[in-house]
Amino acid sequence: MNKKQWSKFNLLMGASLIGVSTLAGTAFAETGDAERGQAAAATCTACHQANGSGMNIPGGESWPRLAGLNADYIVKQLHDFKEGRRQNATMMPFANMLNDQQIVDVAAYYSEMPITPGQGGDDVDEALLARGEQLAERGDWDAYIVSCKSCHGPGGTGVGETFPGIASQHAGYISNQLHAWQNDQRSNDPQNLMGAIAKRMSDEDIQAVSAWYAGQDVSAQTGSEEEEAAQ
Amino acid sequence: MIMHKKRLVLALTGCSLATGLAVSAFADNAADPSNEAPYQQLVELGFPAPQEGELVHVPPTMADLEDADIHPELKKVIRYGYDLFTNTQQLRGENVFNDMNCSSCHLGEGRQPFSAPVWAAAVTLPDFRGKNQHVNNLEERIAGCFAYSMNGTPPAYGSDEMLALSAYHQWLATGAPMYPSQPIYGRGFPAPDEPDESPDYARGEAAYQENCAICHQDNGAGHYENGEYVFPAPWGDGSNNWGAGIVRVDTAAGFIYNNMPLGQPRSLSDQDAWDIAYYMSSQERPQDPRYTGDVAETLERFGPTFHKRSLYGQVREHDGHVLGDHANFGEKGDIEPWNVGMPRFENLTDE
């Protein structure tokens, strides 16, 4: 019921007003081509893997799953790395290698890949998982932590190009990003929407919600939907 | 009364709180040191601290419900009420004809101060209500939000849905005194201070695009993702109708200032909040169910009790459009909410 179309125009308006001027530019550039993207992504597989699954690296810097992420979200992140709005020493040189056309191409390539399962977070007990579920689905308003779902959508599967899917993402990566926002190492989110929430979370909260979302496997679900669509 | 066993009403004196502050909370929580100064987190976010003489109530959470010493059947019903409150869309097409849940406006599951925490109604009703000019009880108050805020028609008084919703409201009020004599901390959507410059449409539009459109869209239609609720519609057919409390510009400003952008309450200036509220209130939405067939007549009839604070029937300056001058009732079409315009107690005499 009531399926609505996300208005591209609106997002462009919003985005340009919050100063992400590159977005408007890329949206009018040529659309991405997944086949060309595959060629441009040859160097990425070392970390993000051939199937785009990335890898959870406990205690280290995890490589995020790119498979199935929204294409425009990927485009924004790559520009943010290139232009220094998102800082990461490992990733930056690879973003710098890509021109605008290659950016939309690799984005198309990864966005069309089927989502793979999240890894990590198995070391967490039931009580902490329950805390994770609470934060994800209902939030903790006494600490003014708004539920993740209210922005990242039902099940945390993402909303449009602004709010990335975080279900089936690796626990290590989710946790690293939330800590990065807390420490002001990541601040490329529009209107400080994510930073404001992350800063109210305890270490335990972060561990809990990261484990919970890593365990929400939306890979199979997406697969079956695609099969249905194909029939 | 089993309900009383675990509750506690504290009239704290001489501790970190102002003397004379009445604090009610769930006993299990009272051991928690953060409860000594309830809502400290909100104060840090810029909300006013509880004042001397105010009733400060911390409603129980759903986790508290699991631990509560009440009949398991009652727990089930309260859980159903919670579910209806936070996912009112399950009544879509029956009682709800817009894109909202109760919790779209009553943030934090109806518990949050400065987001019209709903438990307040459970301890202050029955009482006279200016809007419909008679004494209302809790069910009738809830019915009002269905007819206007949800652009729908309420579940019947005494129905499973109505009982479950009121049980949830009343559960949230656990421990708060009935008919309190003190003002309630964080009740309603208190408006920010009067702005320096009178609210302006163009400024409001710019501030809306900058702060709100990323979620609610530039055309105010909100957003459903794959048919599921994410961002409600602040105006248009998917929103509340012209009879809802939030169409009053001061109420809208209060809602926005204290609750939006989501996750960053009180981050807007007073001026921005008023400008955006004015802009939002200058957009179209489904007709007021009390519509007589003529906007001027409707305004005349309901102006004194309600629309004097909204822009209903006013001419929008930049394009000359008369707000509310239409017979579009939104998705509910010609369904008339059964509770609207129903007089009560007409036979009672003054003494």
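Modeller: UniProt annotations may be inferred rather than shown by experiment, and the model discussed here is itself predicted. With that in mind, the unreviewed UniProt entry lists "domain: Cytochrome c" for residues 32-114 and 127-217 of chain A. Residues 32-114 of chain A are 48% helix and 0% strand, and the C-alpha atoms at the two ends of this span lie 17 Å apart. For residues 127-217 of chain A, the values are 51% helix and 0% strand, with the end C-alpha atoms 20 Å apart.

The packing in question is that of helix H5 (residues 71-82) of chain A against helix H7 (residues 100-111) of chain A; their axes are 8 Å apart and form an angle of about 140°. H5(A) and H7(A) are therefore oblique to each other, and the crossing of H5(A) over H7(A) is right-handed. On the H5(A) side, the residues in contact are Ala71(A), Ile74(A), Val75(A), Leu78(A), His79(A) and Lys82(A). They meet residues of H7(A), among them Asp100(A), Ile103(A), Val104(A) and Tyr110(A). The residues of this contact comprise 10 nonpolar, two polar and two charged.

Elsewhere in the chain, Gln177(A) belongs to helix H10 (residues 171-182) of chain A. Gln177(A) counts as buried because its relative accessibility is 13%, and the cut-off for buried is under 20%. Apart from neighbours within four places in sequence, Gln177(A) touches Arg86(A) and Arg186(A). The C-alpha atom of Gln177(A) is 18 Å from that of Asn70(A), and the two residues are 107 residues apart along the chain.

Definitions and conventions: Residues numbered from 1 in each chain as written. Chains lettered and ligands numbered in written order. Predicted model: local features only at pLDDT ≥ 70, side-chain atom pairs only at ≥ 80, totals over all residues. Heavy atoms only, no water. Axes fitted to C-alpha atoms, helices over the stretch in contact; angles between N-to-C directions. Helix = DSSP H or I, 4+ residues; strand = E, 2+ residues; numbered from the N terminus. Parallel < 35°, antiparallel > 145°, perpendicular 65-115°, else oblique. Left-handed = near helix turned anticlockwise from the far one by under 90°. Contact = heavy atoms within 4.5 Å. Nonpolar A, V, L, I, M, F, W, Y, C, P; charged D, E, K, R; others polar. Buried < 20%, exposed > 50% of the residue type's maximum accessible area, 1.4 Å probe, protein only.
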